[in-house]
Amino acid sequence: MGRFCGPVVRMRGLPWSATPQDIREFFNGLEISQDGIVLARNGDGRVTGEAYVLFSDEDNFQRAMTRNREHIGKRYIELFKSSGEEMELALKRAIASPASQPRPKINTNRQRSVYCVPAKCKQLSVLLRNVGKMTSRVKEMSEFGSYFERTWIGSPSTEPIFDKYLWNQYDTVLARLPRSNNLVEGWHNGFQTLVGCSNPTRWTFLTALKKEENLTFSKKVKMSLGEGPEPKRRKWRLYDERLSSIVDEYDPMDYLHCIGEMLFTS
């Protein structure tokens with residue numbers, strides 16, 4: 001029989017600064033087993049934003065699950081049913097990768113995550129150099145950093161070839177606006193379906209335009225009657241909420257780690 005016997009809740013979306021005390025306050029009024037909180041860590045020894053909580057009995061567990069999507073600070077917390085085996089595995093990983101160890105190799109996803117740093121951030125070039133120092137491939141990262149700095153982010157004394165606002169997505173996320181041209185591509189794909197072929201005649205094309213006009217008019221009428229646009233799939237809606245939550249709590253290096261892990265490994 002394992003060390004953790006009883007009902008376990010897995011928490012996801014915790015602030016990086018969250019402590020066991022924050023978790024106890026989140027579950028205020030419920031009985032958590034002694035030493036029943038494990039903060040999950042990755043191979044680098046850094047917290048992952050997840051935790052496992054062992055409750056004293058099934059009743060406390062069921063009451064805990066009703067707090068799904070409540071908040072700690074600005075972040076909403078997702079709750080999932082877990083097991084003692086998963087909790088014990090998380091504990092072993094945390095012990096094997098203590099947070100006190102020196103800063104290790106960095107996932108290359110973090111370098112790509114720079115695109116979500118505020119465009120007005122004057123430390124962009126410094127952040128990129130720091131990222132380069134934190135990886136074992138120093139030479140390659142130095143070359144990449146020089147290119148990236150010269151072309152996209154500039155330095156304290158020089159402007160980049162391309163303005164940061166052409167590619168930076170930080171303000172877009174803050175404003176809750178689309179971060180890509182997927183909407184445009186979606187419209188083109190839909191219109192291609194209406195046309196029905198790759199090389200339409202003039203009349204086929206005009207007929208498709210009329211159909212599209214009718215569809216657009218129908219959507220406008222529905223919106224004028226109070227019907228909102230078609231909702232996003234739940235997966236992408238939750239993804240947007242998590243990304244917005246991360247951006248709202250901007251803190252340079254932890255932020256790069258968080259954005260990189262989320263955007264390129266999910």
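Analyst: The following questions and answers concern this predicted model.

User: Why is Thr172 called buried?

Analyst: A residue is buried when its relative accessible area is under 20%. Thr172 has 17% relative accessibility, so Thr172 counts as buried. Thr172 lies in helix α7 (residues 170-174). Leaving aside neighbours within four places in sequence, Thr172 is in contact with Leu177, Pro178 and Arg179.

User: How do you know that the span of helix α8 agrees with what it should be?

Analyst: Helix α8 (residues 182-195) has 14 residues, and at 1.5 Å a residue it should span 20 Å. The end C-alpha atoms of α8 are 20 Å apart, so the two values agree. After α8 comes Gly196, whose phi is positive, near 85°.

User: Which residues of helix α2 are buried, and what makes you place them on the same side?

Analyst: In helix α2 (residues 58-65), the buried residues are Asn60, Phe61 and Ala64. They cover an arc of only 105° around the axis, so they are on the same side of α2.

User: What covers the buried residues of α2?

Analyst: Their cover includes β1 (8-12), β3 (47-55) and β6 (78-82).

Technical notes:
Residues numbered from 1 in each chain as written. Predicted model: local features only at pLDDT ≥ 70, side-chain atom pairs only at ≥ 80, totals over all residues. Heavy atoms only, no water. Helix = DSSP H or I, 4+ residues; strand = E, 2+ residues; numbered from the N terminus. Expected span 1.5 Å × (residues − 1). Buried < 20%, exposed > 50% of the residue type's maximum accessible area, 1.4 Å probe, protein only. Arc of directions from axis to C-beta. Contact = heavy atoms within 4.5 Å.
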